[in-house]
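Trainee: I'd like to go through this model with you, and I'll keep asking what backs each label.

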Amino acid sequence: MNQKDIPAVNPNTPVILEMSHISKSFGAVTALVDVSINLRQGEVLALVGDNGAGKSTLIKILSGFHRPDSGTITYQGKEMHFGSPRDARAQGIETVYQDLALIDDLSVYHNMFLGREYHKRILGLKLLDNRKMRDLAQTYLNTLGIDIPSVNSTVDLLSGGQRQSVAVARSIYSSPTILVLDEPLAALGVREGAHVLGLIQNLRRQRSVSIILIVHNYNQVFEVCDRINFLHSGEIVLDASTSETSEEELIRIVKSGLGRKAIAAAAAELRARGD
Amino acid sequence: MARTSQTRQATAHKVGIKVPDTAFEKVLVILSRYREASIAVVAIVLVVYFQLASNGAFLSPQELSVVLRDTGRFGLIAVAEVMLMITGEIDLSVGSTFSLAPYVMVLITISWGVPLAVSALVGLLLGVLIGAVNGIITVRFRVPSLITTVGTFFLLQGVVVSLYNSQPIVAPVQEPFNEIFGENLYSPTDSIWSWHGLTAFTPFLWTVLVVAAMALVLNRTTFGLHTIATGSNIVGAQEIGVRTDRIKVYNFMIAGAFAAAAGVINTTQFASADPLAGGPFLTLQAIAAAVIGGTSLLGGSGTAIGSLLGAFVVATLNNGLVMIGAQATVSDIYLGAAIVLAMILNVAVDRVRARRRI
């Protein structure tokens, strides 16, 4: 819908991330089977699929929270082995998880800088520079137009939308190379959702950060994404740019609820009929 | 004050934040904000009561020395329990570490003629090691620390009584080590402001220093921030890159070290290493101090200063009641009631905090 004012990603832009043949099981539960995705510089990729399709597992592998059983992650031309979310963040991969990963007992500004705190030395002691973090958080949230009562209040006092905004602000503060958003619009009202969508759209316009977005609302997928990867039962069943597919097609794939081959065949058939 | 008005403001244009309406809820909200102050009030009330009931004897240097020495002993362990309870863990083995570390210290000095200062360091390192083992068992094998440390409590208690036929050993006195770390040189003829007067309170003063340091660590360092994050939302903390396992193990090591230090100070005070000096009762008194000090059992919140105030309340109840002529066992009734009351209050305050979430 907003496609017109944002030009498509140049197909010649380099691939910045390649996750190849990723498999992951949790005990007897197989979450991902031989999944491969790639991401270009500045591209916004939507990861869609039903509940339990493996979307969150896939991005938690990228963020270093889980380690894959097999498969490789190639990031900026180098093979990566993230041992923890700390490693991935250090490499410029930021993730906003579904649960937001906010610490209720800490203030907004401590949450903003958790894991990359600013320090100052007093009598040789490395202490938190709370004033600096407070000021930076306040300024940054103002810049993004995020309205919260105070950066000093603990995040348990914020509304759902405010919490989500703070989590998103934290993830883009460090100008990451890759930004992963797991259902950033869940639990948001219309107005707040529109605001977060606006933030994503702004980032997309600048094409400075590559984004992986997990969304359930297909309407929003087409609004802010360049390409769609459809994950079903731990496998990618569709990889198409938003201009090559439609909301109806996605809904048909979801409704069919078939296995990989049947869905792929159905998808192929549907596309053939479209041509 | 500022926060109250912010809360009101937020309520004005946003759903979600519940304005406290009953008087009881208002008190709980205030308590959740000024926890240390409310315990300080309790402590002052107790002091005034015992001072009046004992015809002014409670605040004499001799009695105060006893109370504050107890406060120091409980407080040093309690502040470590607070750190652990903030991460959502607990250490019940501190009572055994308290006995074992100074026992080993004295055995080393007697056996090999090593200065106490050196063997005390060995005792502290032993405490750190015990903490590390507690922590690693808890995080690696995912055993609840309540169980891990009950196990290590008995194990270490068994070790310390089997080291030397469960005999108390007379500890050597080496100055200035002893007078710095707990020996009481004060006699009624001394001025309270002399060095001898000071030694009446050394265990307490060491604990005050440690508590102040831990308050700084908790509120002004990355380690403290990550300790709170670990207990408040462990999955979220991990997702954002906090090494929660490491934070927990470090806090277990602190608990081991502080329990050992408290034991060393106790042994230095009495010039005797008793294998039964600590025991389960000491562990529980330290936890009582932490709980009375306002530390939440849910993890994520607690105060270092509160643990010292809680320790003072426990020590005051123990000694004050005896002083005004109650049987020693009667003080347990009051201590027990105080713990239950404090817990009811803590849980109520936690519920107010939880209810204010969306």
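**Labels and what backs them**

Mentor: Start in strand 10 of chain A, where A:Ile211 is the bridge partner of A:Leu179. Helices (H or I, at least four residues) and strands (E, at least two) are DSSP runs, numbered from the N terminus. This is a predicted model, with local features needing pLDDT of at least 70 and side-chain atom pairs counting only at pLDDT 80 or more, while totals for chains, interfaces and linings use all residues. Residues are numbered from 1 along each chain as its sequence is written, and chains are lettered from A and ligands numbered from 1 in the order in which they are written.

Trainee: How do you know that strand 9 of chain A and strand 10 of chain A pair?

Mentor: Pairing takes at least two bridges found by DSSP. Strand 9 (residues 178-182) of chain A and strand 10 have five and run parallel, so they count as paired. Strand 3 (residues 44-48) of chain A also pairs with strand 10 in the parallel sense, over four bridges, and A:Leu45 there stands opposite A:Ile212.

Trainee: What makes strand 10 of chain A mostly covered?

Mentor: Five of its five residues, 210-214, are buried. Buried means 20 or more other C-beta atoms within 10 Å of a residue's own, exposed means 12 or fewer, and partly exposed is in between, with C-beta atoms placed from the backbone. On one side you have A:Ser210, A:Ile212 and A:Ile214, on the other A:Ile211 and A:Leu213.

Trainee: Which residues does A:Leu213 touch?

Mentor: Leaving out residues up to four places away in sequence, A:Leu213 touches A:Val44, A:Leu45, A:Ala46, A:Leu47, A:Leu181, A:Val224 and A:Cys225. Contact here means C-beta atoms, placed from the backbone, within 7 Å.

Trainee: Why is A:Ser175 called exposed?

Mentor: A:Ser175 has 10 other C-beta atoms within 10 Å, so it falls in the exposed class. The residue sits in the loop between helix 5 (160-173) and strand 9 of chain A and has a positive phi of about 45 degrees, although it is not a glycine.

Trainee: Then what makes A:Arg207 partly exposed?

Mentor: A:Arg207 has 18 C-beta neighbours inside 10 Å, which puts it in the in-between class. Its loop joins helix 6 (190-206) to strand 10 of chain A, and its phi, near 55 degrees, is positive too in a residue other than glycine.

Trainee: Why are strand 2 and strand 5 of chain A said to stand at the edges?

Mentor: In chain A, four strands form an open, antiparallel sheet in the order 2-1-4-5. Strand 2 (29-40) and strand 5 (78-80) each have a single partner strand, so one side of each has no neighbour in the sheet. Strand 1 (residues 15-26) pairs with strand 2 over eight bridges, including A:Ser25 with A:Thr30.

Trainee: Over in chain B, why are helix 4 and helix 13 called roughly antiparallel?

Mentor: Their axes cross at roughly 175 degrees and come within 9 Å. Axes are lines fitted to C-alpha atoms, for helices over the stretch in contact, and angles run from 0 to 180 degrees between N-to-C directions. Under 35 degrees is roughly parallel, over 145 roughly antiparallel, 65 to 115 roughly perpendicular and the rest oblique. Helix 4 and helix 13 of chain B are therefore roughly antiparallel. Residues meeting there include B:Ile77 and B:Val79 from helix 4 (residues 61-86), and B:Phe258 from helix 13.

Trainee: Which residues have the most contacts inside the largest nonpolar core?

Mentor: A:Ile211, A:Leu213, B:Ile77, B:Val79 and B:Phe258, in a core of 163 residues. The largest share, 15 residues, comes from helix 13 (residues 244-270) of chain B. A nonpolar core is a set of buried Ala, Val, Leu, Ile, Met, Phe, Trp, Tyr and Cys residues joined through C-beta atoms within 7 Å.

Note on methods: Two residues are in contact if their C-beta atoms, placed from the backbone, lie within 7 Å.
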